[in-house]
Amino acid sequence: MTTVNSDDVLETPVLDDVAHSLLQSISEEGGYAFVRMSTRAASGDARVAEEAREMAWEQLHSGPWHTVLPVWRDAYAMACLYVAKVLYRNGEYKEAIRVLDMGMIMGGNVLRKDLEIAIEKATEKAKKDDEVVNGSARLITNQNAFNLMEVLQFLPKKSLSCKLVGKRSALSLEGFMRDYFLPGSPVLLSDSMTHWPARTKWNDLSYLKKVAGYRTVPVEVGKNYLCTDWKQEMLTFSEFLDRIQSNSPVVPTYLAQHPLFDQIQELRNDIVVPDYCFAGGTEMKSVNAWFGPAGTVTPLHHDPHHNILAQVVGRKYVRLYPASFSEELYPHTESMLKNSSQVDLDNMDVNEFPKIQDLEFLDCILEEGEMLYIPPKWWHYVRSLTTSLSVSFWWSASPSSPTL
C-alpha cells in the first residue's frame with residue numbers, strides 16, 4: 001500500500017466536514033449536474049473539477065451580483081479547492097494559488113479557512129521552487145522626485161487656489177469628534193500612522209513581491225469607471241507591481257476599492273485601524289486598497305459612509321465639495337451611478353455644466369503618512385500624483401451616537 005505524504009496534498013478539513021450538507025443545499029437550488037460532477041472531482045478527476053468550476057462560474061454571472069444565491073458562491077469555492085488539489089499534486093503551485101485566490105475573491109465564506117491554509121501551503125512550495133533571493137530594497141516611489149509647479153499643469157482648474165483642507169497633528173479622538181466628526185467637516189490628520197509597519201515596508205518593492213507576489217488580484221484598466229474603454233483584469237500582484245512601475249505610456253492600471261487585506265493577511269498585519277474610526281459607535285463597513293501609478297483618477301463622487309483615506313506611499317491630490325452642492329454637481333440619473341457626477345473635472349465643460357464653475361471647494365495634497373477624513377455624502381475627486389499606495393476605512397456611526 002502506497003503512503004501519501006501529507007506535504008504532497010492540500011488538506012481541506014472544512015470541505016471534508018461540510019461537503020455533504022453543502023451539496024444537498026446546491027441540489028435544492030437545482031444544481032444536480034454540479035453535484036454529480038463534484039463527486040467525481042473529489043476523487044481527483046481534473047477535467048471534471050474544472051467543468052464544475054466553470055458551471056459555478058456561470059451561475060455567478062447569471063445576473064446582477066446581489067441576486068446570486070450564496071450557495072453558488074460556496075459551490076464555486078468548493079470547485080476551486082478541487083481544481084487546486086489536482087494542480088498542487090502535479091507541482092503546479094503558482095496555478096494552484098491563482099485558482100485558490102479566485103475562490104477567495106468570488107467564493108463564499110464557508111470554505112474560506114481551507115482556501116487560506118491551502119494558499120499558505122502552496123505559496124511556501126512556490127517560493128522554494130523559485131529560490132527567491134531578496135536583494136537590496138527597491139523603492140516604489142522617490143518622495144523627492146516631486147515638482148508642485150509641474151503637478152499644477154495637469155490638475156483640474158483652480159486647484160490649490162481656493163480654501164485648503166485644514167491640517168491637525170496628533171489630534172485626540174475627543175478633538176476629532178468635537179471639531180470634525182460631529183460638524184461633518186473634512187480634516188487632514190498627520191502623525192497618526194507612524195506606528196504602522198506599512199510605513200516602512202510598503203515602499204520596498206521586494207517586500208511586497210515576497211509577501212504577495214504570487215497572489216491574484218482584480219485591477220481596473222482605463223482612465224476611470226465612467227469611461228467607455230474601462231475594463232477589469234486579473235493579474236498576479238507581481239505583474240501588477242511591474243505594470244505600475246513601468247515607464248511605458250500604457251493605459252493606467254489601478255487596484256481600486258478592493259478588500260485586499262481580507263485576502264492577504266500579511267498586508268493586513270502591516271496596517272492599523274485608526275482610533276478615529278471608533279467615533280460614533282462604529283460599525284466598520286470595509287477596509288480597501290487603492291494602489292496605482294501616477295495619473296490614476298477616481299472621478300467626482302460621494303460615498304454613504306464616514307471615510308478615512310490613509311496615504312501610506314506617495315502623494316494624492318483630493319478635491320472636496322459639500323453634500324449641499326449635489327444639484328450643482330450634476331449627478332448621473334442612472335441608479336448605479338447616481339453617486340457619481342457627470343462633470344469630468346479634468347476636462348470641464350462649463351457650457352454643459354455651468355453651475356459648477358463658481359462653486360467653492362476644499363482641496364489638498366495628501367502627503368505620505370497623512371490621513372484625510374471625508375464625511376458621508378461629501379463629493380470628492382482623487383488623483384495620484386506619484387505611484388501611490390493608499391488604504392480607505394469606511395465606517396457607519398451607530399444610530400444612537402450623538403449628533404449636533
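Predicted model: local features only at pLDDT ≥ 70, side-chain atom pairs only at ≥ 80, totals over all residues.
Residues are numbered from 1 along each chain as its sequence is written, and side-chain values use heavy atoms, with hydrogens and water left out.

**H4.** I looked up its span next. H4 has 20 residues and reaches 29 Å from first C-alpha to last, close to the 28 Å expected at 1.5 Å a residue. Gly-91 follows H4, with a positive phi near 80 degrees.

**H1 and H4.** I then checked the packing of H1 (residues 13-28) on H4 (residues 70-89). Their axes (lines fitted to C-alpha atoms over the stretch in contact) come within 11 Å and cross at roughly 135 degrees. H1 and H4 are therefore oblique to each other. I listed the contacts (heavy atoms within 4.5 Å). From H1, Leu-15, Ala-19, Leu-22, Leu-23, Ser-25 and Ile-26 take part. They meet Val-71, Trp-72, Asp-74, Ala-75, Met-78, Leu-81 and Tyr-82 in H4. By class, I find eleven nonpolar, one polar and one charged residues in this contact.

**H6.** Helix H6 (residues 112-130) has 19 residues. I find buried residues in H6, among them Leu-115, Ala-118, Ile-119 and Ala-122. The buried residues of H6 pack against H1, H4, helix H5 (93-106) and helix H12 (260-263).

Terms used. Axes fitted to C-alpha atoms, helices over the stretch in contact; angles between N-to-C directions. Helix = DSSP H or I, 4+ residues; strand = E, 2+ residues; numbered from the N terminus. Parallel < 35°, antiparallel > 145°, perpendicular 65-115°, else oblique. Nonpolar A, V, L, I, M, F, W, Y, C, P; charged D, E, K, R; others polar. Expected span 1.5 Å × (residues − 1). Buried < 20%, exposed > 50% of the residue type's maximum accessible area, 1.4 Å probe, protein only.
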